[in-house]
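Dear colleague,

I am passing on a structure that you have not worked with before, and below it you will find my notes on a few of its features. Please read them with the sequence and the model open beside you.

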Amino acid sequence: MDNIICPKDFPELKNDLFLRAARGEETEQVPVWCMRQAGRYLPEFREFRAGKDFFDTCRSPEACCELTLQPLRRFPFDAAIIFSDILVVPQALGMDVQMVPGKGPSFPEPLKGPDDLQRLRPKVDVPAELGYVFRAITLTRHKLEGKVPLIGFTGAPRWLYSHPEASHQLLRQLTSVIVEYLLGQVAAGAQALQVFESHAGILGPVQFKEFCLPYLRDIARRVKDQLKKSGQESVPMIVFAKDGHYALEDLAQSHYEVVGLDWTIDPRSARERTGGKVALQGNMDPCALYAPKERIAEIVKKMLDGFGPRGYIANLGHGLYPDMDPEHVGAFVEAVHTHSRQLLK
């Protein structure tokens, strides 16, 4: 067991398509994975999670490992993403977060004003508070046996805008914790990192530039600087700002190798606006997976034709929904591989 929880001597990577595409290198086919690929659309996931508290599951490295591996037993995805949640970060800061059945995440005592910042831990001991995520990553990296790379992730820092100064104070505090959290994930074995800014669409361009972009840039820059300083190998970083198409040019210059896209932007337009500076990921409307399988193949073909096969990672424009048919997920993955191979001939 010791070697399984030790972040070294990892099995050799057999499929590096995802990592090569993230760096803009040539690939034989377009790599594909899905946000929320470890999830409720799989009967084995529902069975495994039945009757268990969500955050108790997140705190069990063995459970996270099993849930991360489940979709890879079914589908030839080109990457795994560790099963966890972006809300483990506010928990580490001392906030109570509960997963309410039928409702989702809930904060019994949310931060309502600047005075509430006093309730947060001024200094978070990241390894102590979030070490269970690091252990899950290390265990999963070993258990993956080099089949595909493992992605770690975090949510981006956000808060309310009625108190701009207090907001910036909180955003700085969150950014520092997130940077340390991501560095810990790399040390534990994560081979790529994704930063989720799931509410970019709520902001307009002005607020995004003031309250979001500087911190997204800061996270990427600091993670890269620290990895370099400590002599660790750099890992590709992905930024996914849902509905943030107005900020595409800025995101392409924010120190991330990959910009994730939702389905509200045209592939050719995204290529043009990012000027080939970054690899692109995503873009297929998740609801397209409700279509018949042959229609899914047509939608994938059109999407790949728009992006071209280089510097692109196929994904959905958001996560898989719980009522999706696993067979349609399989059809999506197969269509990406099949059509991209033809494109590359």
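In which sense, left-handed or right-handed, does α6 cross α7? In this model, which is a predicted one, α6 passes α7 in a right-handed crossing. Helix α6 covers residues 126-143, and the two helices pack with their axes 9 Å apart and at an angle of about 35°. On the side of α6 the contact involves Val126, Pro127, Leu130, Val133, Phe134, Ile137 and Thr138, which meet Val177, Glu180, Tyr181, Gly184, Gln185 and Ala188 in α7.

Turning to the aromatic residues, the structure holds nine aromatic pairs. In one of them, Phe54 and Phe55 have ring centres 5.1 Å apart and planes at 80°, which is over the 60 degrees required, so the pair counts as edge-to-face. Phe54 is buried at 13% relative accessibility, and Phe55 is buried as well, with a relative accessible area of 3%. Both belong to an aromatic cluster formed by Phe45, Phe54, Phe55 and Phe83. Finally, Lys52 lies over the face of Phe48, at 4.5 Å from the ring centre.

Methods
Residues are numbered from 1 along each chain as its sequence is written. This is a predicted model: local features need pLDDT of at least 70, side-chain atom pairs count only at pLDDT 80 or more; totals for chains, interfaces and linings use all residues. Side-chain values use heavy atoms; hydrogens and water are left out. Rings of Phe, Tyr and Trp (its six-membered ring) pair if their centres lie within 6.5 Å; planes under 30 degrees apart count as stacked, over 60 as edge-to-face and the rest as tilted. Buried means under 20% relative accessible area, exposed over 50%, partly exposed in between (1.4 Å probe, protein chains only). A charge sits over a ring if NZ of Lys or CZ of Arg is within 6 Å of the ring centre and within 35 degrees of the ring normal. Axes are lines fitted to C-alpha atoms, for helices over the stretch in contact, and angles run from 0 to 180 degrees between N-to-C directions. Helices (H or I, at least four residues) and strands (E, at least two) are DSSP runs, numbered from the N terminus. A crossing is left-handed if the near helix is turned anticlockwise from the far one by less than a right angle, and right-handed if clockwise. Contact means heavy atoms within 4.5 Å.
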